[in-house]
Amino acid sequence: AGPSAALRVTMPALNDSVHCESDAAVCWRGNIQLEGKAQGGLLASLFRSVVGGESFFVQTWRATGPTAGTVNEVILAPEEPGGIVVVTVNHGEDMLLVAGAYLANEPAVNVETDVQFKNVITSVVSQTGLFVLRARGRGKLAIHGHGALKTVELAPGESLAVDNGHVVAWSARTNMRVGAAASSVVSSFTSGEGFACFFTGPGFVVYSTHKPPTQVSSSSKAAKANNGPVGNCIAVLVLLLFVVVFVGVFGTIAYLAITGQLENNTSGGGGRSHRPGRIGSRHSHYHED
């Protein structure tokens, strides 16, 4: 699909469904219904929203039944103009997407936030980001980016160089490194190309003909990432709940550890220990009959 493209998804059978980015639907018809939920749980959705550049909630369109002469379909499009490609994800062949590139997926494909710990410098210089989206499973995955999107299949040992900032998605098994675009650092920067991403197959790479705009409306981006005030409040509440549980659990462990140490000190004046937990465990172990 070319620039300013849209994606048409048909669901002919009962319970056919598709997951997609929040507010991605343009129009729909037939016997289908819309659901909105935090995919993968609250914490996973919070992580995806905060660092993955995606929405807190995910849409699910589901067919409620086929009817003769009725077409069940939904038209999806990204918030910003650009191209769309549909790729196939296979078991054992995960895909990595830059933040904001996700549009839709079949239910058998799981999309979650991942961290490029092993390639921190590469992620920064390549502009793919430290936090990316990882798609695994088996099924179709729709990706979008600025300008037109191109997919290149790489045979084993085959290489492709992509200017940094144009990478949209790539196979996890594909080797990626970052280096100077030209043979010398001086030529790389005087030519205006700077750094480039070098991919070596097997696998495939999806790149865009245009880089994302350097400045995006903060209000539009915030609304996209958190689904407005409601999603923002939920994200904050979930984060607070996680902090309270975390502090409570470790506070309890610390308290029990300190209390146990005090009891050990007070019972150490010779003779038998009076620690109820230890005595009880001995009696239950040796005197069950």
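Where is Pro202 found in this structure? Pro202 lies in the loop between β17 (195-200) and β18 (203-208), where helices (H or I, at least four residues) and strands (E, at least two) are DSSP runs numbered from the N terminus. The model is a predicted one, in which local features need pLDDT of at least 70 and side-chain atom pairs count only at pLDDT 80 or more, while totals for chains, interfaces and linings use all residues. Residues are numbered from 1 along each chain as its sequence is written, and side-chain values use heavy atoms, with hydrogens and water left out.

**Overall make-up**

- The protein has six helices and 18 strands, and buried residues (under 20% relative accessible area, with exposed over 50% and partly exposed in between, for a 1.4 Å probe and protein chains only) account for 37% of its 289 residues.
- Among the contacts (heavy atoms within 4.5 Å) between residues at least 6 apart in sequence, 80% join residues at least 24 apart.

- Most residues other than glycine have a negative phi, and most peptide bonds are trans.
- The peptide bond from Gly201 to Pro202 is cis, with omega near 15°.
- Asn15, in the loop between β1 and β2, has a positive phi of about 70° although it is not a glycine, and its relative accessibility of 49% makes it count as partly exposed.
- Asp23, in the loop between β2 and β3, likewise is not a glycine and has a positive phi, of about 65°, but with a relative accessible area of 64% Asp23 is exposed.

- Strand β14 (residues 159-163) pairs with β17 in the antiparallel sense over five bridges, pairing being assigned if DSSP finds at least two bridges between two strands; Ser159 has Thr200 in β17 as its bridge partner.
- Strand β16 (residues 175-180) also runs antiparallel to β17, to which six bridges join it, and the partner of Arg177 in β17 is Phe198.
- Thr174, in the loop between β15 (167-171) and β16, is buried, with a relative accessible area of 5%.
- Leaving aside neighbours within four places in sequence, Thr174 is in contact with Leu154, Phe199, Thr200, Gly201, Pro202, Gly203 and Phe204, a list that includes both residues of the cis peptide bond from Gly201 to Pro202.

**Strand β5 and its partners**

- Strand β5 (residues 58-63) is mostly covered, since five of its six residues are buried.
- β2 pairs with β5 in the antiparallel sense over five bridges, with Ser17 standing opposite Arg62 in β5.
- Strand β4 (residues 32-37) is joined to β5 by six bridges, and the two run antiparallel; here Ile32 stands opposite Ala63 in β5.

- Strands of a sheet pair through backbone hydrogen bonds, either parallel or antiparallel.
- Four bridges join β3 to strand β6 (residues 73-76), which run antiparallel, and Ala25 stands opposite Leu76 in β6.

**The second largest pocket**

- The second largest pocket has a volume of about 230 Å³, and of the 15 residues that line this pocket, the closest to its centre are Leu7, Val9, Val18, Glu106 and Lys140.
- On a 1 Å grid over the protein atoms alone, a pocket is an open set of points with protein on both sides within 12 Å along at least five of seven lines, whereas a cavity is a set where a 1.4 Å probe fits but cannot get out; lining residues have an atom within 4 Å of a point.
- Grid points are joined across faces, edges and corners, and a volume is the space filled by probe spheres set on the points.
- β1 (7-10), β2 (17-21), β9 (102-105) and β12 (139-145) each supply at least two residues of the lining, and β1 gives the most, with four residues.
- The lining divides into eight nonpolar, three polar and four charged residues, where Ala, Val, Leu, Ile, Met, Phe, Trp, Tyr, Cys and Pro count as nonpolar, Asp, Glu, Lys and Arg as charged, and the others, Gly among them, as polar.
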